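Here is a friendly set of questions and answers for a first look. Keep the viewer open as you read.

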Amino acid sequence: MNAEPNLPIPISYTAGSYFIFSIDAVTYLRREHHICGVLSGTLPQIPQQNVFLGLPLELMAEEARLLVEKGVACIVDEVNVQTDGMKALMEADRQRYLQELQAQGTQVMQMQASRKEQQREEALKKIEEKKAAQAAKKKASQPPPPPETPATDSTTKDDEAVVGLFAGDRKQQQQQGPDQSSSRRPSTAIASHAMGITPATSHSLLPLEPSAQHKLPLPAVPSSYPLFAHLHSEGYFLSPGLRFGCQYLAYPGDPLRFHSHFLVVSTGWHEELDLMEIIAGGRLGTGVKKGFLIGGADETTSDLESREADDVRTFSIEWAGM
Amino acid sequence: MADTDEAAIHMPSNDSAHIDTDLSDETQDFRMLNHLTFLTDGSQGNLPKRGEKDFEPNPTLFQADILSASRQAMHNALAYPRLHHPRNQVIGIYAPDGPAPPSVAQAPKQMDTVPEDNDTQPQQPEDTTATAGDADAGPPKAAGTEMGVPAESCVYVTNPKGQYFKTIGRADRWNRVWLLPEEALYLLERGSLDIRWPISSTGCSGESETADSGIPMSLQAAYACFLGHGGLNMERFSVYTGLRRLGYTLVRAPGWYDDADEGDCSAEDAQTQSRQGPGLAGVFGRFMQWLSDSPSCPVAGPLVGLGIHRSYDDIYRKLSIIPWHDPTAPRSESRPTSPPFRVVFHVYKPSTPFRKSAPPPADFRIAVVNARETAVPTLAQMSALLESTPLDPPKGVKMDRVLSLRLRQGYRSVILAVVDQGVVSYLRVADSAFGKEKLYKLQGPKPNQKRGPPRPRAKGR
């Protein structure tokens with residue numbers, strides 16, 4: 001989990017949206033740069049629900065731009081990377097890649113098979129224990145058998161093993177690979193088949209480093225970007241705010257653990273605000289126990305490119321209910 | 001602010017507003033996922049409950065530990081691979097140029113159907129050019145109809161197994177099921193389909209016989225290939241997968257294609273034309289209406305006018321001088337819808353019996369709107385959108401009884417899916433006819449009922 005991806009992280013630009021597909025990049029950006037994005041994919045393990053979603057991570061244009069300006073990421077024209085990359089793929093690469101996948105697939109298959117066997121053994125053991133206990137009870141009223149070990153232990157461990165196999169960078173995989181496969185011997189006939197795998201990224205197939213011709217310029221951002229950058233620099237985690245009728249939601253910490261504090265709406269420095277908007281916003285924010293925050297950047301100083309983050313002023317509005 | 005914060009912390013019971021909110025409204029703590037055991041088959045049962053969140057970060061180790069556990073759980077959940085057991089692996093092959101008959105390399109397999117194949121072989125180049133030209137020209141008629149599949153299809157499956165293909169894909173006569181980009185991407189994303197790169201897209205020397213290069217398409221590659229293909233964008237895809245995950249069936253509506261004309265509502269408008277009964281009663285009714293309507297000249301004299309008023313209804317009718325919108329009235333010409341505000345998906349409830357070959361009338365119609373690019377629709381846009389949907393007047397016992405339900409149901413309705421960077425909000429817009437609900441007619445009998453038992457009629461007969 002604490003893997004450091006190679007910088008700059010490539011952000012895939014496809015059909016007007018910004019995506020990240022690498023799980024390491026997702027956790028890294030969340031941990032180190034407070035960029036959460038929005039998970040928009042289906043979780044393959046529980047596909048029929050909308051509460052927990054999976055990769056890819058969709059980034060707002062503001063988030064993508066912030067990361068590029070920090071030098072952490074670069075924007076990559078994913079469509080051309082894929083088509084050109086596949087065109088350049090040679091037969092030898094193909095063979096190597098297919099073998100790699102085959103090896104991974106077999107390993108996963110073995111892990112699943114061995115876990116099934118383990119579960120079976122445990123289940124058998126339990127039955128035996130029960131039988132023994134009953135026999136003992138029949139003999140004489142003796143103390144009950146030792147508490148049973150929860151069966152979930154083994155499964156979670158194995159889950160993590162599978163996850164670790166796919167999560168880490170490839171060095172880690174190679175370290176992990178041999179000793180795992182040596183420790184678990186193939187037990188059933190099915191284990192000889194390989195599991196088919198759909199990888200999340202194309203990293204091991206295509207060159208990791210995007211070539212210069214595929215890199216794109218800075219993303220175009222809405223006029224609310226200065227406020228976004230300002231709040232982000234103050235340590236807030238920001239996410240799209242349409243659910244609460246605003247532009248961004250500002251979280252004091254990781255949204256995994258904290259509720260958001262502010263509904264953020266950006267305004268122009270000289271924009272005339274309707275008082276009704278402020279009242280409505282304050283009302284709305286108070287209704288969901290959040291503050292209504294408006295802010296904007298001083299446009300008089302210079303253009304958008306060279307503006308300082310200090311030019312941004314913010315106001316929080318709360319319904320006093322007098 | 002501090003006081004209310006404190007209050008919020010110390011009074012969790014105050015949280016009632018949050019309880020009935022949708023779980024997917026906010027980011028959930030992925031630790032809750034740990035309670036599920038993934039690898040076992042068929043454990044997709046119950047979802048975890050909402051976790052408790054803290055108000056704000058504090059420098060305690062305790063909180064840091066919980067946060068890192070949450071992140072670890074999230075990492076594990078997201079890193080979970082998409083696996084295909086060889087026994088039920090479904091393989092699709094990517095066809096970047098759209099639907100085409102099986103290539104020559106594959107033809108020897110099907111020697112039995114050779115005459116047929118030979119007939120179609122010469123048409124193949126034609127087919128592909130038509131597809132390329134029509135990629136944005138839209139209606140799936142040009143190249144697709146010859147094979148019976150939409151021209152935007154870009155993945156074919158030779159061994160369609162599993163329940164998904166009941167509602168997804170179109171078969172051609174070589175027994176291959178063709179998938180539209182959003183269908184292919186959705187199936188790949190949920191780990192139900194293994195899409196392979198075709199040998200023609202790779203730089204490999206093609207000594208192998210098949211079109212399949214054997215290289216599985218990664219999620220990353222699939223997004224690059226399918227988004228932006230045939231009108232699919234992330235907003236539409238978010239709506240598609242979001243509703244699919246909940247069990248709805250979605251198919252593309254004619255409005256998907258920018259230049260398509262949607263004639264969805266012509267049939268049922270015609271039948272509303274002649275409602276006034278013919279014959280003497282009709283003539284008399286019209287005469288009476290003319291009689292009661294004509295003398296009202298509100299500018300000149302009193303609103304109600306002179307004359308004999310036998311009931312309050314007459315008076316109320318004369319008082320209603322403000323024109324109102326009647327959604328059932330036939331339109332002379334339908335206004336064209338403008339692109340963001342047009343029906344893009346037809347949605348079917350899981351309970352609606354659905355056949356791919358003959359889809360029933362849709363349960364819902366959805367227009368997809370990007371929140372960042374589009375403002376609130378104008379009245380013209382909105383009414384054009386509503387007019388493009390069929391008339392669906394409120395009916396049923398409950399609707400007949402409760403006024404508010406009738407108003408809420410409206411006569412036409414459409415659902416707007418507003419997408420803000422992956423976050424989707426659904427709004428239902430209905431055309432309610434306040435003018436058709438005559439309150440003075442409704443409330444007439446009520447006081448009578450309250451007055452107790454009806455008085456006996458004249459006695460002594």
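**Around A:Tyr251**

Q: Where is the place of A:Tyr251?
A: The place of A:Tyr251 is in strand E9 of chain A. Strands (E, at least two residues) and helices (H or I, at least four) are DSSP runs, numbered from the N terminus. This is a predicted model, where local features need pLDDT of at least 70, side-chain atom pairs count only at pLDDT 80 or more, and totals for chains, interfaces and linings use all residues. Residues are numbered from 1 along each chain as its sequence is written, while chains are lettered from A and ligands numbered from 1 in the order in which they are written.

Q: Why is A:Tyr251 called buried?
A: A residue is buried if 20 or more other C-beta atoms, placed from the backbone, lie within 10 Å of its own, exposed if 12 or fewer, and partly exposed in between. A:Tyr251 has 26 other C-beta atoms within 10 Å, so A:Tyr251 is buried.

Q: What makes A:Lys290 count as buried?
A: A:Lys290 has 21 C-beta neighbours inside 10 Å, so this residue counts as buried. The place of A:Lys290 is in the loop between helix H8 (275-287) and E11 of chain A.

Q: Which residues does A:Lys290 touch?
A: Contact here requires C-beta atoms, placed from the backbone, within 7 Å. Not counting residues up to four places away in sequence, A:Lys290 touches A:Ser260, A:His261, A:Phe262, A:Leu263 and A:Gly285. With the same exclusion, A:Tyr251 touches A:Tyr236, A:Phe237, A:Phe258 and A:Ser260.

Q: Which residues does UniProt list for "active site"?
A: The unreviewed UniProt entry lists A:Tyr251, A:His259 and A:Lys290. They span 40 residues in sequence, yet no two of their C-alpha atoms are more than 10.2 Å apart, so they gather at one spot. Such annotations may be inferred rather than shown by experiment.

Q: How do you know that helix H7 of chain A is mostly covered?
A: Eight of the nine residues of H7 (residues 225-233) are buried. Among them are A:Tyr225, A:Phe228 and A:Leu231. What covers the buried residues includes helix H2 (61-70) and strand E9 (248-251) of chain A.

Q: What makes strand E6 of chain A and strand E1 of chain B a pair?
A: Two strands pair if DSSP finds at least two bridges between them. E6 (residues 196-198) of chain A and E1 (residues 82-84) of chain B have three bridges, in the antiparallel sense. A:Ile197 stands opposite B:Leu83 in E1(B).

Conventions:
Two residues are in contact if their C-beta atoms, placed from the backbone, lie within 7 Å.
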